[in-house]
Amino acid sequence: MKTHVRVLVIGGGAVGVSTLYHLTKKGWTDVALIERTELTAGSTWHAAGLLPLFNMSYTVGQLHKYSVDLYKRLPAETGQDVSFHVTGNLRLATSRERMDEYQKYCGTANTIGVPFEIITPKQVQELWPLLELGGSADMASIIGALYHPQDGHIAPADLTMALRKGARSAGAEIYEHTEAVGIERTGSGEWRVRTAKGGDITAEHLVFATGNYARQTGQLLGLNVPAIPVEHQYIVYDESPELKAYRQGGGRELAVLREPDTSYYLREERMGWILGPYEKGAPARFADGVPEWFGRSLFPGDLDRLVPHVEAATRRVPALEHCGIKDIVNGPISYTPDGSPLIGPAWGVRNVWLNEGHSFGITAAGGSGWQLAEWIVEGEPGIDMLAVDPRRFGAYTSKRYLVKKNEETYRNVYTVHFPDEERPDARPAKTSPVYDKLSAQGAVWGQRYGWERANWFAPRGVERRDQWSFRRTNYFEHVGNEARLMRERVGVIDLSPFTKHEVTGPGAESWLDGLVANKVPTRVGRMALSHALTQRGGIRSEFTITRIAEQHFYVVSAGAAERYDSDFLFKSLPADGSVGLRNITGTRGCFVLAGPKSREVLAQLTDTPLDNTAFPWLTAQVIEAGLAVDVYALRVNFVGSLGWELHFPIEYAHHLFDALFEAGRGHGIGMVGMRAMESLRLEKSYRMWGSDITPDYTPFESGLDRFVRMKKGPFVGRDALERQLAAGVPNRFVTLEVHEVRDADPLGNEPLFDKGGRMIGRATSGYYGHAVQKSLAIGYARTELATPGTELTIEILGERKPATVVPESPYDPDNLQLRS
Ligand SMILES: Cc1cc2nc3c(=O)[nH]c(=O)nc-3n(C[C@H](O)[C@H](O)[C@H](O)COP(=O)(O)OP(=O)(O)OC[C@H]3O[C@@H](n4cnc5c(N)ncnc54)[C@H](O)[C@@H]3O)c2cc1C
C-alpha cells in the first residue's frame, strides 16, 4: 500500500470509484481509494440501476445528463460491459398539476439540452402496450406523459467495475478491506489517514464518498454531515407470462415506467419485473452510525408499506397479477433534507471534499465525479454547483432535524414539486424574535436555511394556507396588496436571517478589496455592493460592504449563504493576523422599512436627520432608534423604494418592531412578505444571488459592470474578466416584459427563443410585477439579442409567449423614489 498520495478517496461505491476515475481523467494519477470491505458493498450493489434524466434542478439535471452520456461510452473505453439498457423512461400524468410540473421541467431540460417528449395517452399505449389507460373509479385516467427516449437502466456493480478499470489503467490504486478509522492533520497541512488494518496513508486532499457512513466518517473530522439514510425497497417478480409473450412476439424492452401520482417505478427484469415504490412511513436509519453487524446486509421487507403501491401498479399493469414475488430488497439510501447530494468542499477544513448524500447515486456517480475532480484539480467546478454544494446547509441540521426532513423528502420523491411548496416537517426550527408578532399579523410561513420566513400575510378572515400551484393562486391578490402597500405607503419586512460578518483590523480594507471586484468603500458611512468572483470570473458571492468605522466593515450577504460565505471568508483570511473576522448573523436582526412614508415613520424614532442631504441614498449611519442603540441604518433595500435596512442588536427586536408599528400606525404601516419582495425586486431588475447571479455568469454578463473596478488593482477573477472583455461578452442580462400571460407567470428556468425559434438564453427569475401590472422575467440572452426593444419568446408551461426586452428597472427606472 502506498503511504502518500495526492488524493485519497474514502469509499468504494459507484460514487467514490467515479471520483477516482475522473481524477485520473484530469491527469492526477497519484491517487488512491480505500474501501472498508469490498467495492460496491454499500448501497451500490443492491440499487435498481435506474438512470432517470428527469430532475427539476438545473445543476443535478446537468450531472445526470453527463452520467448517461458517459455510461454509454464506458464499455468501449474500458472493455467492461455495463448492461446499459437504453429503454427510455416514461412518466405518466393523471392530473393537470402533474402536466404543469412536466412542462416546467421541460423548460429546464431545454436549457441543458436533455432530449424529451411530451406525449399523448395514445402514444403511451403504443409505447407500453401492457398498460391500462384507466378512467374508472379506482384508477385515474392518464392524460399525458413525459418520455425520455435516451435513459434506462444499468447494472450498478458492472458500472463500478468499468470505472475501476478506467481508473486503474491510468495509475490509480484501490485498496479493499482498508477502513479509515482516524484522521489527523500533519505539520505540512496534509491529511494522515489511519486504517483499521494498520498503516497510514497521507494525502494532500481527502474525498469522502462513504454513502450510509457519511455521518461516521464526517465525525472523524468533527463534521456534522447532513446525510442520513432512509429505507427504500423494491420487489423483484418472477417471470411474467404476459411480458414474455409480448417480448417473444417481437416487442422491444419496455421503457422504465413511473407513475408518480401513485408513487412507484416499474421496469423489466429477466422477463419479470422490478417494482419500487416511494412509500409513506419509510424510516430513517443509522442516525447514530451504521452498526458493525449491518455490513452488506439488507433490512427485512415491509409488505404493509408496499401494498397500496402494489395494488395501484397492478391496476395499471394487470400483468403484475400473474407473477409471483421472488424477492424484496430493502436497503438504506442516503438522503439529505432537500434530496440533492452533497458535492464539494467540506466547511472549516481545507482540502477535504464531500461526495455524499446520494439518493440517486448510480445516476449521479458519473456527473458528481466529473465535477468534483474538476473542482479539486482546477480549484473550482466547471458548472454552477450551488444547488449541491455541501455548504448550502448550516449548523442547524441536528440529528432530529435530519431524521424528520429526510423521511419527509423520501415520501415526497414522487409528489408534485410545486415551485411554491413549503414542506411542514421539522418546523419551526429557527425563528426571528418577532415570529409570534408576525404570526399574529397573519403570517403564512415558509422555510429557508432552517429559518422561518413569512411568505405572505393573510388578512383577517382569509385562510392562512397556500394552495400550491405553477400558476397564480390563492395568495396572488394578497401579495399584490402587500407590494402596493410598499410602493404607496410603508411596509416592513423581517430580514433577520441575512448573513452578517464583521471584518476589523488594520488589514481589513486591503483584504476585502482583493476579494471583491468593486472598490471597498473608502469613507466611513459608505457602502458598496460587491461581488466575489471565481477564478473564471463567475459570481460566487454577493456582499453589501458597509464601512462602519475606519477599521470596521459590516458585510451582509444572502441568508441561505451563511455557511457558504462564512467558509469562503474564513478560508481566505490572511495568516498575518491583520484581519479580524466574526460571523455575527445571530447577534443582529434586520427590519426593512420602506415606502414613501418610511422617512416620516423612522423620524419619529430617532434624532438623526434623515433628509437627503444628511442621509443620502447608499450611505449608512449608526443611530439610536426608539430605545435601541447601535442600530446600523443602511439606506438601501431590495425592494427599490425609499427606505432603510435597520440592522439592530438582536435584543431590541421586540422593542423596535413595536416602535415602528406604533410610529407607522397613522401612515398605514403593514407587514410585507417574501413573495411581495420577489415581485418588488423583479420590478427593479434586482438580481438574486443563487438564481440570477451565479458562478455560470460574469458580472459583465450579469449587467453589473458598474460594480466592477478593473483599474483598482488585483482581485480574484480579474484576469478572466479581461479575457472576456477582449473576446466579447457572450450573454447579457435582460429584463423582459412577457405578454399574453393569463394565469402562469414566468418563475425562472424558462428557455428564451429568438424569432426563428432558436434557443438563445434562459430566464433565471420571473414574477408578476404588481405595481407595474406586468408579467416580468429576468435572465440571460445572447448579447446581440439583449438590447431593449428586441422581441423574443419565452416558454412557460409549454406555451410560447411573446416577450419584449425592456430597459432595466420597469418601476422607477431613474431611481427617483430611492433618492427622494
Ligand atoms: C433498494 C435501493 C434501490 C436503489 N435504486 C437506485 C436506482 O435505481 N438508481 C440510482 O441512481 N440509485 C439507486 N439507489 C441509490 C444508490 O444505491 C446509491 O445512491 C448509491 O449506491 C450511492 O453510492 P455511493 O458510492 O455514494 O455509496 P455506497 O455504495 O454506499 O458506497 C460507500 C462505500 O463507502 C465505504 N466506506 C464507508 N466508511 C468507510 C471507511 N471509514 N473507510 C473505507 N470505506 C468506507 C462503504 O463500505 C461503502 O462501500 C438505490 C438504493 C437502494 C437502497
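Predicted model: local features only at pLDDT ≥ 70, side-chain atom pairs only at ≥ 80, totals over all residues.

Now look at the oxygen atoms of the ligand. A polar backbone atom of Leu-50 is 2.8 Å from an oxygen atom of the ligand. Gly-49 also has a backbone N or O atom by a ligand oxygen, at 3.0 Å. For Val-15, a backbone N or O atom again lies 3.0 Å from an oxygen atom of the ligand. How much of the ligand does the protein cover? Of the 1,000 Å² of accessible area that the ligand has on its own, the protein covers 98%.

Next, let's move on to the aromatic rings. The model holds 30 aromatic pairs, counting rings whose centres lie within 6.5 Å. One of them joins Trp-456 and Tyr-475, a tilted pair with 5.9 Å from centre to centre and 35° between the planes. Trp-456 belongs to strand β18 (residues 451-457), while Tyr-475 is in the loop between β18 and α12 (476-488), so this pair ties together parts that are 19 residues apart in sequence. Trp-456 counts as buried because its relative accessibility is 0%, and Tyr-475 counts as buried too, at 8%. Elsewhere, ring pairs link Tyr-265, Tyr-278, Tyr-335, Tyr-410 and Tyr-414 into a cluster.

The charged end of Arg-540 sits over the ring of Tyr-564, 4.3 Å from the ring centre. Arg-762 lies over the face of Tyr-58, with 3.8 Å to the ring centre.

Ser-765 is part of strand β32 (residues 759-769), and its relative accessibility of 3% is why it counts as buried. The side chain of Ser-765 makes a polar contact of 2.9 Å with the side chain of Arg-681. Ser-141 sits in the loop between α4 (121-127) and β5 (144-148), and at 32% relative accessibility it counts as partly exposed. Ser-685 lies in the loop between α17 (674-683) and α18 (718-727); with a relative accessible area of 0%, Ser-685 is buried.

Finally, let's check the backbone. Most residues other than glycine have a negative phi, and most peptide bonds are trans. Ser-685 has a positive phi of about 55°, although it is not a glycine. Asn-351 also has a positive phi, near 60°. Asn-351 is in the loop between β15 (342-345) and β16 (352-356), and it counts as partly exposed at 28% relative accessibility. The peptide bond from Arg-427 to Pro-428 is cis, with omega near -10°. You will find Pro-428 in the loop between α10 (399-411) and α11 (435-440).

How values were computed:
Residues numbered from 1 in each chain as written. Heavy atoms only, no water. Polar contact = N/O pair within 3.5 Å; in protein donor to acceptor, adjacent residues only side chain to side chain. Areas by Shrake-Rupley, 256 points an atom, 1.4 Å probe, with all protein chains shown as cover. Phe/Tyr/Trp six-rings, centres within 6.5 Å; stacked < 30°, edge-to-face > 60°. Helix = DSSP H or I, 4+ residues; strand = E, 2+ residues; numbered from the N terminus. Buried < 20%, exposed > 50% of the residue type's maximum accessible area, 1.4 Å probe, protein only. Lys NZ or Arg CZ within 6 Å of the ring centre and 35° of its normal.
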